[in-house]
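Look at the structure before reading on.

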Amino acid sequence: MKNYTPEIPLTLEQNVRVTSGDFVYDCKICKTEEDVSVTVLSTLAAGMTMTYNGDKLSFSYCDFLYDIDGKNYENKNPAIVLYEVFDYINSIEQLNAKKIDGGFKYEGKISLGDFILIQNDDNSFSNLTMRNIDYKVEFIH
């Protein structure tokens, strides 16, 4: 079986739609080499930004800024989920992406559970789904 190692961008800025159970909202994600920021674009939380760096979760909204220990926070937070997925993919020694029609499939495990990340042939991302929980992130192109 051939191992594929498609390019994972070190930085990423893209709109996404997060679905957690019956709750659906749109966000803009910004991934850097150090952290992942998620700015809510819809719902009553529009304008709030959450940033996670693997340790600290920061919330900012207008002039309000609040930092908490991200390790003990709700692990469905999209900044935590996306950070952990990209951290897993970038830190695993033998990344084995499976070639699928139109792209690649990654599988792994984060604090929320087992995930599947689909990457398109052009290295953009398509979607992220959790196996054991109703949680999905759709990358909007």
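**Pocket and contacts**

The largest pocket holds about 170 Å³ of space. This is a predicted model, in which local features need pLDDT of at least 70, side-chain atom pairs count only at pLDDT 80 or more, and totals for chains, interfaces and linings use all residues. Residues are numbered from 1 along each chain as its sequence is written, and side-chain values use heavy atoms, with hydrogens and water left out.

Q: Which strand holds F64, one of the residues that make a nonpolar surface patch of about 330 Å²?
A: Y61, F64 and Y66 make this patch. Its nonpolar side chains are joined within 5 Å, and its residues have over 30% relative accessible area and no salt bridge. A strand is a DSSP run (E, at least two residues), numbered from the N terminus. F64 is found in strand β6.

Q: Why is the pair of F59 and Y73 classed as it is?
A: Rings of Phe, Tyr and Trp (its six-membered ring) pair if their centres lie within 6.5 Å; planes under 30 degrees apart count as stacked, over 60 as edge-to-face and the rest as tilted. The ring centres of F59 and Y73 are 5.6 Å apart and the planes are at 65°, so the pair is edge-to-face.

Q: How many residues apart in sequence are the parts tied together by E13 and K28?
A: The side chains of E13 and K28 meet in a salt bridge at 2.9 Å, N to O; the cut-off is a side-chain nitrogen of Lys or Arg within 4 Å of a carboxyl oxygen of Asp or Glu. E13 lies in strand β1 and K28 in strand β2, so the pair ties together parts that are apart in sequence by 15 residues.

Definitions and conventions. 1 Å grid on protein atoms, 1.4 Å probe; cavity = no way out; pocket = protein on both sides within 12 Å on 5 of 7 lines; lining within 4 Å. Points joined across faces, edges and corners; volume = space filled by probe spheres on them. Patch = residues over 30% accessible without salt bridge, like charges linked within 9 Å, V, L, I, M, F, W, Y side chains within 5 Å. Areas by Shrake-Rupley, 256 points an atom, 1.4 Å probe, with all protein chains shown as cover. Helix = DSSP H or I, 4+ residues; strand = E, 2+ residues; numbered from the N terminus.
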